[in-house]
Amino acid sequence: DKTLWIDSRFLSHKGELYFAKESSKWGGGVAFFDHNGTGSVYMRLYNITWEQMLEVQKQEGLEWYGNLILLGCDTSGIPIYTVTAESRDRASAPSDAYYSVIKDALVKECGIDEHKAIKYLEAAME
């Protein structure tokens, strides 16, 4: 049901963004979520079905995003899940193109100041 993807919003959640692995598509590291991190991660939430969540996980790659994590529930009781790696890999910087896509989404869709978005992404690459 593609209409479910229209209903989205952003959330900041405890954890840490990091870049790892080497994507043949992007030419560098890709984003992962470390739920043990002590910082804060910006997330875009979509109100999708469980089957769609599993399809997203499958399309992103079960080898890389095999860990399905329940982050809690939203204010209406709907569970919030994310997918990430089973364990944290060696850091790998993202390509300029991938970095730009994420930075632009933080600025345009989250309303984050560009300077703050850059600092956030730079911290994820340390």
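**Notebook: strands, helices and cysteines**

I began with strand β6 and noted that Ile80 there is the bridge partner of Gly72. The model I am reading is a predicted one.

I then looked at the two strands as a whole. Strand β5 covers residues 67–73 and strand β6 covers residues 79–84. They run antiparallel, and 6 bridges join them. The hairpin has 5 residues between the strands. In this hairpin I noted Gly77, where phi is positive, near 90 degrees.

Entry on Lys21. I looked up a positive phi in a residue other than glycine and wrote down Lys21, with a value near 65 degrees. Lys21 sits in strand β2, which spans residues 16–23.

Entry on the helices. I reminded myself that two packed helices are described by the angle between their axes and the distance between the axes. Helix α2 holds residues 96–108 and helix α3 holds residues 114–124. Their axes come within 9 Å and cross at roughly 135 degrees. The two helices are therefore oblique to each other, since roughly antiparallel would need an angle over 145 degrees. I recorded the crossing of α2 past α3 as right-handed.

Which residues of α2 meet α3? I listed Tyr99, Ile102, Lys103, Leu106 and Val107 on the α2 side. On the α3 side I listed Glu114, Ala117, Ile118, Tyr120, Leu121 and Glu122.

Entry on the cysteines. A disulfide is a covalent bond between the sulfur atoms of two cysteines. How many disulfides does the structure hold? I wrote down 0. I then looked up how exposed Cys73 and Cys110 are. Cys73 has 52% relative accessibility, so Cys73 counts as exposed; the cut-off for exposed is over 50%. Cys110 has a relative accessible area of 24% and is partly exposed.

How values were computed. Residues numbered from 1 in each chain as written. Predicted model: local features only at pLDDT ≥ 70, side-chain atom pairs only at ≥ 80, totals over all residues. Heavy atoms only, no water. Disulfide = S-S within 2.5 Å. Buried < 20%, exposed > 50% of the residue type's maximum accessible area, 1.4 Å probe, protein only. Pairing = 2+ DSSP bridges. Helix = DSSP H or I, 4+ residues; strand = E, 2+ residues; numbered from the N terminus. Axes fitted to C-alpha atoms, helices over the stretch in contact; angles between N-to-C directions. Parallel < 35°, antiparallel > 145°, perpendicular 65-115°, else oblique. Left-handed = near helix turned anticlockwise from the far one by under 90°. Contact = heavy atoms within 4.5 Å.
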